[in-house]
Amino acid sequence: MGQPYSSDLRERVLLAYERHEGGPELLARRFQISRACAYNWVRAARLEGRRVAKPHAGGVPAKLDAEGVSVLRALVREDNDATLAQYRDRLAARTGIALSPAVVCRTLKRLGLARKKRR
């Protein structure tokens, strides 16, 4: 995902719109942004009075809490040649938290836990 546009660019587009230098479509071409972006900025300024981007909402909260992470660490210590699906099933049995194998893999990588690749 790309970076958001600067607040300076947003302000320049809104000032140009307020000075009647063109509509959102013309300003989008002039400032090399998408039409939808220009329309959204103008609408937000008009309806909400907001001239800056909304703060980041934080994303989806993690399903696995600190206790779940400690259980996963224990599972790897007990049996480091289990598959991701086996870790997932054992974790669900002990904690009741259902995860995908991909989430288990990312968590193991983030924790720096190595597991045996071959039997």
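1. On one side of helix α6 (residues 101-111), R106, K109 and R110 are exposed, where exposed means over 50% relative accessible area, buried under 20% and partly exposed in between, with a 1.4 Å probe and protein chains only. Helices (H or I, at least four residues) are DSSP runs numbered from the N terminus.

2. The structure is a predicted model, in which local features need pLDDT of at least 70 and side-chain atom pairs count only at pLDDT 80 or more, while totals for chains, interfaces and linings use all residues. Residues are numbered from 1 along each chain as its sequence is written, and side-chain values use heavy atoms, with hydrogens and water left out.

3. The buried residues of α6 are V104, T107, L108 and L111. Viewed down the axis of α6, these buried residues fall within an arc of 100°, so they line one face of the helix; the arc is that of the directions from the helix axis to the C-beta atoms. An α-helix has 3.6 residues a turn, so residues three or four places apart point the same way.

4. The cover over the buried residues of α6 includes α4 (66-78) and α5, with contact meaning heavy atoms within 4.5 Å. T107, which is found in α6, is buried with a relative accessible area of 6%. Leaving aside residues up to four places away in sequence, T107 touches L64 and L72.

5. The axes of α5 (residues 84-95) and α6 come within 9 Å and cross at roughly 95°. Axes are lines fitted to C-alpha atoms, for helices over the stretch in contact, and angles run from 0 to 180 degrees between N-to-C directions. The two helices, α5 and α6, are therefore roughly perpendicular to each other, a term covering angles of 65 to 115 degrees.

6. At this crossing, L84, Y87 and R88 of α5 meet P101, V104, C105 and L108 of α6. By class, the contact of α5 with α6 has 6 nonpolar, no polar and 1 charged residues. Just after α6, G112 takes a positive phi of about 75°.

7. The structure holds 1 aromatic pair. The ring centres of Y5 and W41 are 5.7 Å apart and the ring planes lie at 85°, so the pair is edge-to-face; pairing requires centres within 6.5 Å, and planes over 60 degrees apart count as edge-to-face. Y5 lies in the segment before α1 (7-18) and W41 in helix α3 (residues 35-47), so the pair ties together parts that are 36 residues apart in sequence. Y5 is partly exposed at 44% relative accessibility, whereas W41 is buried at 6%.

How values were computed: Parallel < 35°, antiparallel > 145°, perpendicular 65-115°, else oblique. Nonpolar A, V, L, I, M, F, W, Y, C, P; charged D, E, K, R; others polar. Phe/Tyr/Trp six-rings, centres within 6.5 Å; stacked < 30°, edge-to-face > 60°.
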